[in-house]
Each structure stands twice: as structure tokens, then as C-alpha cells.
Amino acid sequence: MERHFDGELMDLKKDLMQMAAFVQDAIANSLEALRTLSKEEALEIIDDDKKIDEWELKIDEECLELLALRQPMAVDLRFITMAMKISTDLERMADLAVDIAQRVLDLADKPLLKPLVDIPKLSQLAQLVIKNVIEAFVKKDPGLAGKVILLDKEADKLRNQVQGELIEYMAKDGTTTSRAVPLLLIARHLERICDHATNIAEDVIYMVQAKVVKHHPEELS
Amino acid sequence: MRKDITQKIGFSFLFICMAITMLFLVGIILFVTSKGLKVISWEFLTQAPRNAMTAGGVAPAIVGTFYLTLIAILFALPLGLACAIYLCEYSPKGAIVNILRISINNLAGVPSVVFGLFGLAVFVKFFKFGVSMLSGGLSLGILVLPLIISATQEALQAVPYSIREASLALGATKWQTIKKVVLPSALPGIITGVILSIGRVAGETAPILFTAAAFYLKGYPKSIFSEVMALPYHIYALMTEGAHPDKQTAIAYGCSLILLLLVLSVSFIAIIIRQKQRSKCYGL
Amino acid sequence: MGYKVRIRVENVDFYYGCVQALKSINMDIFSNQVTAIIGPSGCGKSTFIRLLNRMNELIVNSTVAGNIYLDGEDIFDSRIDPVDIRRRIGMVFQKPNPFPKSIFENISYGLEVNGIKDRYYIEERVVSSLKKAVLWNEVKDRLKESALKLSGGQQQRLCIARCLAVEPEVILFDEPCASLDPISTAKIEELILELKKDYTIVIVTHNMQQAARVSDYTAFFLLGELIEVGETHNIFTAPKDKKTEAYITGRFG
């Protein structure tokens, strides 16, 4: 039986997808700005963040209304409550893109430290993880979400590597600090982006299967 | 506009019918009262007849009617109540109940003179009660039995099933439910049945013709095996066998008036009882 | 958890004539818990609940198969008196059905038919039942008045008090709020939550939100079968059966 409510749920899903698309773009743009060290691009990213904040508020309000007015149960209830959490994680990811843009501003006038192999690797991983988790959400695929969660370990490893290298650099040559620290922070930002994507993946699994894997990695079969 | 006029015509027609009916009713009352009032006196009501039914009173007939009614109701009420309770509450639903119901309705259609003959054969002759208050009362009782059964059945069926369910759900047996819940609720309806029965019994002539009634008795009945005078029979006898029509016609009207008043006052008392019962149960 | 099983339903089938109304029902009803029975119209939930206090056998031409155990005793055993079962398992009906008697007499009735004659005891029980049903304050000055003068919500609470007076072990509610306004409904739901401390409660309701608010266990019936039964919070957040989910999300029925 087609319900009016199904239309509203579809609208909520579309809104989340739209917000996710904006966040995906913001992150891609920030990594592009990092590659080109472009001040203009970085400033644009910082400016665009307001739009994403508005989307979070819009989705939160939508969810609240649906809870109050439709008394959702079971799968609908799980979807709406998880939608609220996913929008929060998406907004944090966008904030991290802004942080990366800030670091680009810090680095813009300085010579590059060294062709850092690992930060691009980490960037690629972050973008892959975001793409996969959004797909898992859209397709309601818990298997794909599970893979995203497993990739988080990779992200942690890469960040530690970058951290280690940069600390070595700074130890050897104190003048590199003003260039090394932003890079170190960027690595952290990218790892945090992966963490938020992991959160979203856990929410997707709960939404589809009612299985709680949050804080219980052993549940991931 | 057509609909409106049609409605007005319809209502007017109904009103006219109602008026005609009321006319008959009022007419009878006025007629009987006007012709009978002049003989009513204290003597009339309390003294026995004298002088070959041309003087004195009709007290024995009043008393006789009262006793006959009493016996009839005492016989028919418990029996009728029990039958109705059985039919309504205990009998298995189906063909048997329907046959029983039809039979009872047929009993109601039997002409009253047949009850008289039946009473003569069974009570007067077979049981050897003789022509007596007992035979007459019992014959009248059988006459009125279907009436009581029908009225009681309807009253019982009007009690909603939900009340019975409520009682059973508390751990009451079926009989407890009937005794303590259904019967008290049905009482107003049962009382109505009794009122109608009393009216019927008091006024019936044919059943008591052969079984109870006498025209001229010296005194009041000594026992249930004595003959009795009765108002309806007295009226009949005065009008058909009386030797002095000039005086006796008036007496006949006097008896009619008494009979009418008797039945009306019984109705009135029963209505009061019913109203009190209703307000106790339903708070109306 | 540790609630003991009060009523155990084992392989119960029920027929109206030749029509099978209940198929192979198996479930447990726990002490001092509220078990809600939900399902679309005609699914057999009223039929089921009326089986528990043997009210259904008053309908001619019905057959039961299977066992229902109350505290381990089979209620259909020939040595058991159904009248006694009905005292131990009380029922509150969909439409309030107080007797056309006074408020006091409505409640003392149950005690009288169960043989209690002591006037002081009866009075005490009437008062305590009315208090338990949260009706005492509203009627204490008019116990002799007809029960039919009360409002719908008050009448239903009177019926609950009437049921409590005979000290049942289990109370069955058959859509008790179906004919009541929202405020009366809320009062009765609060009452049910209080009553479960002392009684085992089974409630049939077509209102899912009510089942969600009031019950600890929920059983979903469909076309005479028990589809799923479980703890209420699980049924309403993550039901196991697709049919249950379709029903509670309103996708059918």
C-alpha cells in the first residue's frame, strides 16, 4: 500500500543524498586546493560551508517533524533516527574540509616540504571511503558498509605513518616546523573524515539490519 | 412544495385516526360513567344483592372477580415466568424452540369459550373441583398464560447480552445471572405483562361461564371450592336473564363502571411500580 | 527478566462450526507483565482472548483443540469448573457494561455470587476496589446512585473495579478504550500500568501506539495465526517477521 508517508521518507532520503553530494564535493575541492595550493579555492571552500550547515538544520527539522507527526515504527523509525545522526557526521566531515582549506591557506606562500607520498594516499582512501559509504546508504547495502568500516584501520595506519615521518623531519630540521605542522594536521583531518564515514557506515547497518555494530566491531560478521 | 403538502396531508390523516380512536375511548368511558354512576353508592359497593337482584349491591361479584383474578395470576405467573426463562435462556436454539414458540402463540389464539369448555371437562369434572373459584381461576390462568410468556420473553430478550456476559465473566453461573441480573432488569417489562393479564382476566366472561360463576349467591364464597359471582358474568346475566330490566340495566352499567375503574387502578399501581423499578436500575 | 509463566498456550486450534478461527497458537503469558495482542480486524485476537477465560464456549457449535495451562493446570480439564476459571481470569469488555444497579451493587455483585455474605467485608472490598480503579474520589458520595449515570470513562473504570473485587489472578482487556475519549483512555492506560504490579494483564488493542505505550510483550496475529511474539521494544524497533513489520508500519491493514 503506497502511503503519503513513503513520499516523505523518499524526500528525506533525497535531501540526505544531496547533502552528502555537497560534502563529497567540498572534500574533493579541499584536496584539489591542497594539490594546487590555491588560496582562492581554499577561501571558496570556507565560504561554501554555510550552505552545508543549513542542510544539516533542514534535515534535523524534517526528521523531528516526521517523528512527531507520523509515529514511525521499526524500519521507518530506524531510518529517521539514523538520518539525524548521519547528517551530523556529514556536517563534521564538511567542517574537516574547511579545516583542510585553512591548512592550505597556511601553506600557500611557503615552498613545498617534500613530495609527500602518503598524504595523497590518505586523500585517495578518504575519497574512496566517502564514495562507498554514500553508495551503501543509497543502495541499502550493509556488506559495502561493512567494508568501509574495515578500511578505517588503513586510514589510522597511514596517518600514523605520515605523523612519524613529519616528526622525524621536524626533529632533524627545526625550520621545517611551520610547514610540517599543517601537513600533520591535514593527515589528522583526513583520518577524522574516515572516522565519520565509519560512523555513517555503522548507522547504515543498523538502519537496514537492526544490528548494532557501533562500539562492537566483533558484531561485524 | 409537493413534498411538504403530502407530508401535511399524511400527518393530518394520522391525526384524524388518532382522534377517532380517542373518541371511542372517551366515548366508552363517558357512556359507562353516565349510565352507571347513578347506582354507585357505598351500599352498592359493599352490600350483597337483595330482592332478586334489583336492590342492594354487588359486593360479592367484586370479591369474586378479585379472587378469580388472584388465583389466575398465582397460577399463570410462576408457570409463565418459568416457561419464558426456559425458552429464552436454557433451551437449545433451533427448531425445537421455534416449535415451542409457535405452539404458545397458537394457545393465545384459542377462543375464550373453548377455555371454558376445557375447564369444565378438566377442572370441574375430571379433577372434581366442581364449579368453583378454583376451576374458574385455573381456566382463566390458562387463558392468560401465553400472554405472560410472550411479555416475559420480550422483556428478557430486551436485556442486552453484554450484561449477561459481564456477569458470567465475574464467575457467576447462568442461573445466578438470570436471578440477580436479568430478571431484575426485565422486571418492568414483566410487570407490563402482568398488568395486561390482570385486565384480561378481570373482564373475561366465557371461561367462567361453566366453571365458576353463579348468578345469585347468598353470601360470600366460603372456600376455593365454592361458586363465585363475578362482575363480567353479572353484567351478562343481568342483561340476558334479569326479570326486571328497568332496574337491572342500571346495575349492569354500574358493574361495568366498577370493572373499568378496577382495571384502570390496577394499571395505575403497576405503572408506579414500574417507574420506581426503572429509576432504581437506570437512574431515570 | 525472570518473570514466571502464568498462562501457557499450547497448540491451540479453535473452530466456529467448520471454520477454523485460530491455528496452532503457541505462546506464554508472563506474570505481572502486560501482554498486548495486535492485528488487523478478523485476525482472531478477540477470539483468542475469550478462549483464555472460557467465554467462547458459550457460543454454540464451537470446538477447541490444544491446551491452555493456568499456573500449570489445564483449564479445559473436565475436573475444572469454567465458572471458577472466570473468577480467576477476569474480563473487561470493549463497551462498558455496568449492571443497571447502583454503583455499590455493581461491585458487591461479584462478591455475592461467589458466596461472600459478610457485609463489612463486602463494604471494605467495594471501597478498596474503587480506590484501586482510581474511581473512589469521584463516586464516594454517590454509591447508591445508578451506575448508568456515570460517564463512559467512569463506567469503564467501574467495570474494572467490579472485576478487581473478586480478586482475579489475570485480567483480560478486550479493546477497553475503543469507545472512550483520549483523556479517559489515558487514565485507563495509566491504571493498567499500575495494575500490572499485582495482576497479570492481557490486552487486545487495534491501536498500535497503545500497545507500544502500555505493554511489555506484544503478539501479532494475522488470519488466525500467531505471526510473532516478543518484547514490545523489539517488536516496534526491529520485528523479525516481514508481515509484522508491514503491519506496524502501516503498509497494510
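# Reading a three-chain predicted model

Tutor: Start with one helix. In chain C, nine of the 11 residues of helix α3 (residues 103-113) are buried, so the rest of the structure largely encloses this helix. Keep in mind that the model is predicted.

Student: Which residues of α3(C) are buried?

Tutor: They are Ile103(C), Glu105(C), Asn106(C), Ile107(C), Ser108(C), Tyr109(C), Gly110(C), Leu111(C) and Val113(C). Here is the general idea for helices. An α-helix has 3.6 residues a turn, so residues three or four places apart point the same way.

Student: What covers the buried residues of α3(C)?

Tutor: The cover includes α4 (119-132), α5 (136-139) and α6 (152-165) of chain C. It also includes α8 of chain B. Just after α3(C) comes Gly115(C), with a positive phi of about 90°.

Student: How should I read a positive phi?

Tutor: Most residues other than glycine have a negative phi. Now look at two cases that are not glycine. Lys140(A) has a positive phi, near 55°. Leu223(C) has one near 50°.

Student: Where do Lys140(A) and Leu223(C) sit?

Tutor: Both places are loops. Lys140(A) lies in the loop between α4 (118-139) and α5 (142-172) of chain A. Leu223(C) lies in the loop between β9 (217-222) and β10 (225-231) of chain C.

Student: Why does Lys140(A) count as partly exposed?

Tutor: Count the C-beta neighbours. A residue is buried at 20 or more within 10 Å, and exposed at 12 or fewer. Lys140(A) has 14 inside 10 Å, so it counts as partly exposed. Leu223(C) has 15, so it is partly exposed too.

Student: How do I read a hairpin?

Tutor: Find the two strands, then the turn. In chain C, strand β1 (residues 5-16) and strand β2 (residues 19-30) pair in the antiparallel sense, over eight bridges. Val5(C) has Phe30(C) in β2(C) as its bridge partner. Two residues lie between the strands of this hairpin. Gly17(C), in the turn, has a positive phi of about 65°.

Student: What is the overall form of chain C?

Tutor: Take the elements, then the size. Chain C has 10 helices and 10 strands. Its C-alpha atoms fill a box of roughly 55 × 45 × 35 Å along the principal axes. A compact globule of 253 residues would have a radius of gyration near 18 Å; chain C has 18 Å, so the two agree.

Student: How much of chain C is buried, and what share of its contacts joins residues at least 24 apart?

Tutor: Buried residues make up 49% of its 253 residues. For the contacts, take those between residues at least 6 apart in sequence. Of these, 69% join residues at least 24 apart.

Student: Which chains share the most contacts?

Tutor: Two pairs of chains are in contact, and chains B and C share the most contacts. That contact takes 18 residues from chain B and 26 residues from chain C. On the chain B side, α7 (161-169), α8 (174-203) and α11 (245-282) each give two or more residues. The largest share, six residues, comes from α7(B). By class, this side of chain B has nine nonpolar, six polar and three charged residues.

Student: How many residues make the contact between chains C and A?

Tutor: Chain C gives 11 residues and chain A gives 10 residues. On the chain C side, α9 (232-237) and α10 (242-248) each supply at least two. That side of chain C divides into five nonpolar, four polar and two charged residues.

Student: How far apart are the nearest C-alpha atoms of chain A and chain B?

Tutor: They are 34 Å apart, and the two chains do not touch.

Student: Which residues have the most contacts inside the largest nonpolar core?

Tutor: That core has 214 residues, and those with the most contacts inside it are Val133(A), Ala201(A), Leu68(B) and Ala230(B). Helix α3 (residues 74-107) of chain A gives the largest share, 17 residues. Now follow Val133(A). Beyond its neighbours within four places in sequence, it contacts Ala145(A), Val148(A), Ala197(A), Ile200(A) and Ala201(A).

Student: How do I read the confidence?

Tutor: Where pLDDT is low, the predicted coordinates should not be read in detail. Take chain B. Its mean pLDDT is 86, and 96% of its residues reach 70 or more. Confidence in chain B is lowest in strand β2 (residues 55-56), at a mean of 70, and highest in α7(B), at 94.

Note on methods. Residues are numbered from 1 along each chain as its sequence is written. Chains are lettered from A and ligands numbered from 1 in the order in which they are written. This is a predicted model: local features need pLDDT of at least 70, side-chain atom pairs count only at pLDDT 80 or more; totals for chains, interfaces and linings use all residues. Two residues are in contact if their C-beta atoms, placed from the backbone, lie within 7 Å. Helices (H or I, at least four residues) and strands (E, at least two) are DSSP runs, numbered from the N terminus. Ala, Val, Leu, Ile, Met, Phe, Trp, Tyr, Cys and Pro count as nonpolar, Asp, Glu, Lys and Arg as charged, and the others, Gly among them, as polar. Two strands pair if DSSP finds at least two bridges between them. A nonpolar core is a set of buried Ala, Val, Leu, Ile, Met, Phe, Trp, Tyr and Cys residues joined through C-beta atoms within 7 Å. pLDDT is the predictor's confidence in each residue, from 0 to 100. The radius of gyration is taken over C-alpha atoms; the globule rule is 2.2 Å times the number of residues to the power 0.38.
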